[in-house]
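Please walk through this structure step by step, with the sequence and the 3D view side by side.

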Amino acid sequence: MGSPEATSFSSQKLLFRQLFEKDSSTYTYLLADVSHPDRPALLIDPVDKTVDRDLSLIQELRLNLLYAMNTHVHADHVTGTGLIKSKVPSVKSVISKASGSKADLLIESGDKILFGNLFLEVRATPGHTMGCVTYVTGDGADQPQPRMAFTGDTLLIRGCGRTDFQGGSSQQLYKSVHSQIFTLPKETLVYPAHDYKGFTVSTVGEESLYNPRLTKNEETFKGIMKNLNLAYPKMIDVAVPANMVCGLQDTDIN
């Protein structure tokens with residue numbers, strides 16, 4: 001887990017960068033089709049604190065940012081989509097319709113998000129929150145291989161997101177992972193929204209064998225989640241109201 005090749009590489013078509021925000025241990029992912037003349041790009045789970053860094057990188061790489069996307073309504077940081085749109089008004093914000101949040105594009109399971117000749121498939125993976133989705137790179141000979149799954153907080157490396165607030169359900173999360181993520185090819189790369197132990201990437205095969213929670217049966221998993229006794233998220237009262245408008249709240253920009 002965490003080889004440099006997995007965190008930053010460029011194939012003939014896909015340019016990929018994994019970026020990190022240390023205060024919330026959040027990963028932001030930049031994907032672009034560099035074989036397309038327009039060099040279209042998207043960001044997954046941008047953070048308000050690192051918007052300038054991300055936009056500077058996009059400019060340096062001569063990319064055209066189309067979408068700023070969230071996997072769910074985050075409780076531990078404020079999304080960067082609002083700031084991004086204030087600086088690059090052509091960018092469209094994206095979040096699931098089931099989240100109840102606001103965005104330019106409200107997506108549902110089965111939707112495809114196109115950027116150049118590449119696309120992401122939307123899979124509904126509720127459980128951590130009601131509106132969680134996993135974005136999966138396309139299935140096809142002309143799409144990047146191995147496939148990549150951006151799992152948000154639904155599936156973490158050797159863990160998973162909590163299920164005790166924001167409409168969470170341990171039963172739903174278990175079913176989401178087993179039906180929508182563990183059914184992907186074993187070599188599919190797993191890129192979560194967070195990591196707290198220094199891991200950067202896993203695979204579907206690894207998590208289906210070694211994830212200490214999700215390899216258990218459903219009843220055992222529900223018992224584990226019920227007894228986590230986690231602290232109330234310190235940012236939740238600020239982050240959730242802002243993120244319910246997908247970062248499109250009034251922003252004070254100098």
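Into how many nonpolar, polar and charged residues does the lining of the largest pocket divide? The lining of the largest pocket holds 13 nonpolar, 10 polar and 12 charged residues, where Ala, Val, Leu, Ile, Met, Phe, Trp, Tyr, Cys and Pro count as nonpolar, Asp, Glu, Lys and Arg as charged, and the others, Gly among them, as polar. This is a predicted model, in which local features need pLDDT of at least 70 and side-chain atom pairs count only at pLDDT 80 or more, while totals for chains, interfaces and linings use all residues. Residues are numbered from 1 along each chain as its sequence is written, and side-chain values use heavy atoms, with hydrogens and water left out.

The aromatic rings come next. Nine aromatic pairs are found in a search of the whole structure, a pair being rings of Phe, Tyr and Trp (its six-membered ring) with centres within 6.5 Å, called stacked if the planes are under 30 degrees apart, edge-to-face if over 60 and tilted for the rest. Tyr 27 and Tyr 29 form a tilted pair, 6.1 Å centre to centre with 40 degrees between the planes, and both Tyr 27 and Tyr 29 are buried, that is, under 20% relative accessible area, with exposed meaning over 50% and partly exposed in between (1.4 Å probe, protein chains only). Ring pairs also link Tyr 27 and Tyr 29 into a cluster with Phe 16, Phe 20, Phe 150 and Tyr 191.
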